[in-house]
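Please keep the sequence and the 3D view side by side while reading.

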Amino acid sequence: MPLTEPHDDRLPQEEPVDAVRDAGGLGSDGSGLPAAIEPGPEAAGVEPGHAAAEGGVADVPAGDGSTLEGSAPEGPAGDGLAPEGSAPEGSADDGSTPEPEPVLPEPVRQRIVALTAAVLPGLPADEVPVPLRRVAKFAPNRRARLGAPAIAAQLTGDPLFRQRITARVLADTGDLGAAVLEGTAPAAADPVEVAALAYLARPRGWRELIEASGAAVRAEADSAVVAELVREAEQRATRAEHDRAVARVEAEKLRDELARVREELGQLREESRQLGRSLRETQARERKANELLATERGRAARAAADADAELRRVRARLAEAEAAAGIARASAKEARSVDDARLWLLLETIGQAAVGLRRELALDPVDKLPADFVADAFADQTAAPAAGAATRARDTDDPARLDQLLALPRAHLVVDGYNVTKRGFGEMSLEQQRKRLITGLGGIAAQTGDEVTVVFDGAERMHGLPPSPRGVRVLFSHKGETADELIRRLVRAEPPGRPVVVVSSDREVADGVRRHGAYPLGADSLLRRLARS
């Protein structure tokens with residue numbers, strides 16, 4: 001359908017407006033402008049690439065998102081379109097009264113900028129005003145957003161630029177654009193689109209189209225507001241109905257709770273009556289008890305008087321007994337002095353006899369003790385228990401006995417090593433267990449001066465052992481022999497009469513050494529002794 005050139009009062013009246021040559025709205029050169037408005041920049045009175053009207057944009061930032069500089073003052077819509085008091089539409093040559101630009105609704109303003117930004121890159125480079133050349137290079141989604149002030153300023157101040165944009169926009173809109181050029185607005189058309197095309201094409205009666213579009217937009221906004229208010233009212237009504245239902249449920253619950261409370265109140269009243277009867281009965285029993293208490297107090301007073309008299313008699317007897325005990329203590333002291341003299345004389349006689357016997361036998365001090373010969377010389381021998389050895393056995397596991405036995409002269413302490421360490425500190429390694437036990441036995445040997453032997457299971461002597469403390473002998477059982485057998489041989493090697501103490505929680509070891517006259521004690525007695533050291 002052929003399109004007529006849009007009417008614009010700003011153009012010189014003598015310039016005719018012809019119909020577009022082809023149905024697509026393109027001029028003879030295919031630029032999209034009507035043939036009658038195709039003169040070059042010189043004919044329009046504008047240098048190539050510059051705006052013809054004042055109020056243009058001095059510079060436009062590159063497409064990097066920076067703000068526009070030097071934009072024209074914004075109109076009521078906020079972007080420079082149709083400001084109040086703008087330049088008059090009529091040319092100064094025809095003497096017509098200038099008319100201000102109409103105030104555009106916000107949706108119309110945004111649509112005008114969007115249409116311009118969409119066709120801006122399609123214009124030849126020499127037809128794009130200088131302030132918009134950098135805007136034309138922006139991305140599509142940023143062109144209308146960042147270049148809106150500059151585009152609005154050029155549309156307002158440059159009629160030729162607006163006509164070029166209009167020609168391309170009308171070519172894209174088809175029948176709707178033709179209808180707008182004729183000054184009519186289809187009933188089914190979007191009023192915002194109609195107002196935007198009317199502002200760009202400016203046919204006869206374009207101001208009325210914009211006003212009608214503004215009224216339609218406002219009506220739609222009012223309808224949206226009314227719909228929102230209706231929706232909010234419906235929501236409030238729904239909430240009120242919900243609250244009413246909740247309140248009914250809560251009221252039912254409260255009624256049930258009230259009935260339950262009344263029932264509980266009746267039960268409490270019944271319990272209160274029963275408690276009152278119980279209280280009266282208790283008070284009666286209390287009165288009877290007070291009477292019995294007074295009676296018993298009288299009896300207790302008489303008994304206390306009798307007890308005081310008896311106490312005085314007992315104290316008199318005690319004084320007599322203490323006097324008799326003093327006399328007995330004096331007699332016992334004299335008798336003990338005689339016994340001490342006899343005992344001293346007996347011990348002195350025994351000591352002198354022992355000295356004479358040692359001188360007569362000519363016994364020299366020895367460097368090795370019987371236990372030193374057990375691991376080597378007596379390794380393959382079995383010796384029968386000596387006669388009278390059982391007389392040295394003591395059937396006790398009392399830990400306090402260890403200190404008493406170690407206080408005996410020339411006592412020999414034999415320790416089942418791993419039996420003690422695994423019971424006392426089994427969380428350590430074997431090497432740490434041996435080291436801790438040997439160190440503790442060294443302290444016991446230093447305190448008591450007794451002979452100490454500790455026996456460990458092992459086919460051969462362990463390497464890397466620290467040096468044994470003074471007075472402590474460390475033995476390892478040979479291959480094919482256990483530590484229990486080595487302990488029994490150590491006990492058998494001792495002479496009858498010497499106190500030998502064996503520390504082991506193994507019942508078999510304890511029974512074996514007891515038969516040979518030793519004193520068996522549990523491992524706990526030694527562990528407590530070590531902890532005390």
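A helix here is a DSSP run of H or I with at least four residues, and helices are numbered from the N terminus. By that rule, A150 belongs to helix α4. The model is a predicted one.

**A150**

Is A150 buried or exposed? Its relative accessible area is 0%, and residues under 20% count as buried, so A150 is buried. P131 is 19 residues away from A150 along the chain, and the C-alpha atoms of the two are separated by 6.9 Å.

| Helix | Range |
|---|---|
| α4 | residues 148–157 |
| α5 | residues 159–173 |

Their axes come within 5 Å and cross at roughly 105°. Angles of 65 to 115 degrees count as roughly perpendicular, so α4 is roughly perpendicular to α5.

Which residues meet where α4 contacts α5? On the α4 side they are Q154, L155, T156 and G157, and on the α5 side P159, F161 and R162. By type, the residues of this contact divide into three nonpolar, three polar and one charged.

**The chain as a whole**

The chain holds 15 helices and five strands. Of its 533 residues, 34% are buried. The accessible surface comes to about 31700 Å², and carbon and sulfur atoms account for 55% of that. Among contacts between residues at least 6 apart in sequence, 64% join residues at least 24 apart.

Terms used: Residues numbered from 1 in each chain as written. Predicted model: local features only at pLDDT ≥ 70, side-chain atom pairs only at ≥ 80, totals over all residues. Heavy atoms only, no water. Axes fitted to C-alpha atoms, helices over the stretch in contact; angles between N-to-C directions. Helix = DSSP H or I, 4+ residues; strand = E, 2+ residues; numbered from the N terminus. Parallel < 35°, antiparallel > 145°, perpendicular 65-115°, else oblique. Contact = heavy atoms within 4.5 Å. Nonpolar A, V, L, I, M, F, W, Y, C, P; charged D, E, K, R; others polar. Buried < 20%, exposed > 50% of the residue type's maximum accessible area, 1.4 Å probe, protein only. Areas by Shrake-Rupley, 256 points an atom, 1.4 Å probe, with all protein chains shown as cover.
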